[in-house]
Amino acid sequence: MKLKNLVSIEGQLPPKVTFRKKDDFDKYGMRFIAEEYCNIDLSDVFPNWQHGWVADERNFHPQAVLTSMNDSKESLHLVSRISQEVYLKKHGYAFSKAIGSALIYIPEVYVKREPKSLLVMPVHSLNYTTHNHWKFKEYAEYIKSLMESGSFERVTVCIHPACIRNGYWINEFKELGIEIIEGVETNDKNAFYRLKVLFSLFEYVTTNGKGSHIPYAAYCGAKVSICGPFAEYKVEDFIEDPFYKKFPDILKPVIDYSSYESIKKLYPQFIFDSPEQATENNGWAKEQLGFENKLTPRDFRILLGKNDFSVLKNYLERTFSWLKNGLRVVAANLAPNYVKKMYRSSDRSENPHLHRLC
């Protein structure tokens, strides 16, 4: 059942870069994405940027659209689609703006998509959710049958870090001797970059339930399918979820829209008997992620309260800092060896000039 020896997927992905989150704008490195795109420091702005796949059926409650603990009507809320902006403004969220998903602001990646490659992405848990009723063994056996069918030359499983900590999926797939990579976390600066590269490497992506990986992978050009034993969500799975503790009224409708019956009715283009039957849905994904609402760097800066002078000031500060650090390195490297020896062997308080030099 062993597939042909191929280059590791993990080695082709951007490295993980963890950081300390301050607010929702930091999730999955979205603040860093905006900073790179706008070419300006944004450490002093705190909007809420919607994350994940928030389809139009969630326009039944503001928090089901915002996907954030921040429910302030005075905050700037960035969403993907115009329909969401209109809905939120109707409910008093005057500072709502459709700008598209963070994924569409990631620069193009230039990687080679492997023909007949399959990425398996089981639905995931969170650190505070439990899903012991999922069909772990049955889904792994289904993937095993795909490996044995000869339809794919590479099969890789991507498991969410929370599932690894909870013991979900990981042991069943380890038994298959299959390549396993770890998914992204909210405190990974490169989370969206890793996802874009990952989904651009595979021809096919398959899953067993609803999740943001469906439009993300389709946007990146992969052929996405929902196949095999389906993983249903239950209300009791989210008893300890802080978000649904704060907004309990939206939990059951969200669960209902994630059911197999709902997905089959709303998104039949993803329901297949086998992943190789899947087709591209890039146009649909662009619509879901609000690609048409993507802002220019200048318009994004203005939306966040940054004018052109702020950009120039930021550029000059970074240039000055770069030159200052560069000159210090050059000066240290050009200093005569005896000066360096004096500096190393002398007390800095007695050699103030050497202290400034190095």
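Me: Contact means heavy atoms within 4.5 Å. With that in mind, what share of the contacts in the protein chain with a separation of 6 or more comes from residues 24 or more positions apart?

Reply: In this predicted model, residues 24 or more positions apart account for 69% of those contacts. The chain has 16 helices and 8 strands, and buried residues make up 50% of its 358 residues.

Me: What makes a set of residues a nonpolar core, and which members of the largest one touch the most other members?

Reply: The residues must be buried, of nonpolar-core types such as Phe, Trp and Tyr, and joined through side-chain atoms within 4.5 Å. The largest such core has 57 residues, and Trp49, Tyr105, Phe192, Phe199 and Phe300 touch the most other members. The largest share of this core, 8 residues, comes from α7. A second, separate core of 35 residues includes Leu146, Met147, Ile178 and Ala231.

Me: Which residues is tyrosine 105 in contact with, leaving aside its neighbours within four places in sequence?

Reply: Tyrosine 105 has heavy atoms within 4.5 Å of those in several such residues, including Ile33, Trp49, Asn293 and Phe300.

Definitions and conventions: Residues numbered from 1 in each chain as written. Predicted model: local features only at pLDDT ≥ 70, side-chain atom pairs only at ≥ 80, totals over all residues. Heavy atoms only, no water. Buried < 20%, exposed > 50% of the residue type's maximum accessible area, 1.4 Å probe, protein only. Helix = DSSP H or I, 4+ residues; strand = E, 2+ residues; numbered from the N terminus.
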